[in-house]
Amino acid sequence: MKVSILMGSTSDLEVMTPAMKTLEEFGIEYEKRVISAHRAPDLLREYVTTARDRGVVTIIAGAGGAAHLPGVTAAMTTVPVIGVPILGKALGGLDALLSMVQMPSGVPVATVGINGSKNAALLAVQIIALQDESTLAKLEAFRKQQTEKIVNTII
């Protein structure tokens with residue numbers, strides 16, 4: 001089981017890197033690609049429609065502006081798609097966020113906060129943990145560690 005990380009442009013790499021690091025911390029295999037929904041729609045279709053055959057169980061798609069990549073991806077597959085709205089210059093990422101959360105009925109894109117690729121990766125980990133006991137154990141340990149950090153914080 002692996003995760004696919006899609007970006008519309010190389011400029012999105014910085015925002016998507018925390019997702020990659022998080023997946024690595026959990027020992028989750030992933031593939032990453034830059035494919036523009038607008039500039040390379042045929043390549044996107046081929047990549048997305050073969051995702052399940054490659055063992056992909058979740059796709060994390062980051063995009064800014066009109067943010068069509070997650071929605072177009074979701075329209076082409078039944079693999080769960082998690083959208084990461086990327087901070088833009090014009091509207092501070094709000095345009096991307098609204099584009100993702102306002103998908104038409106029947107074509108959902110699970111959406112995290114602006115630049116929230118780490119949370120997208122954690123959602124992917126949760127999806128994998130539904131079928132993989134080893135990943136579940138790591139996720140439970142991660143959550144316990146988060147709790148202990150707060151409990152042990154002294155001000």
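## Helix 1 against helix 5

In helix 1, Val15, Met16, Pro18, Ala19, Thr22 and Leu23 are in contact (heavy atoms within 4.5 Å) with Ser117, Lys118, Ala121, Leu122 and Val125 of helix 5. By class, eight of these residues are nonpolar, two polar and one charged.

The crossing is right-handed, that is, the near helix is turned clockwise from the far one by less than a right angle.

## Basis of the model

The model is predicted; local features need pLDDT of at least 70 and side-chain atom pairs pLDDT 80 or more, while totals for chains, interfaces and linings use all residues. Residues are numbered from 1 along each chain, and side-chain values use heavy atoms, without hydrogens and water.

## A salt-bridge network

The structure holds three salt bridges (a side-chain nitrogen of Lys or Arg within 4 Å of a carboxyl oxygen of Asp or Glu). Lys2, Glu29, Glu31 and Arg54 are linked in a network of them.

Lys2 pairs with Glu29 at 3.9 Å and with Glu31 at 3.4 Å. Lys2 lies in strand 1 and Glu31 in strand 2, so this pair ties together parts 29 residues apart in sequence. Glu31 also meets Arg54, at 2.7 Å.

How values were computed: Helix = DSSP H or I, 4+ residues; strand = E, 2+ residues; numbered from the N terminus. Nonpolar A, V, L, I, M, F, W, Y, C, P; charged D, E, K, R; others polar.
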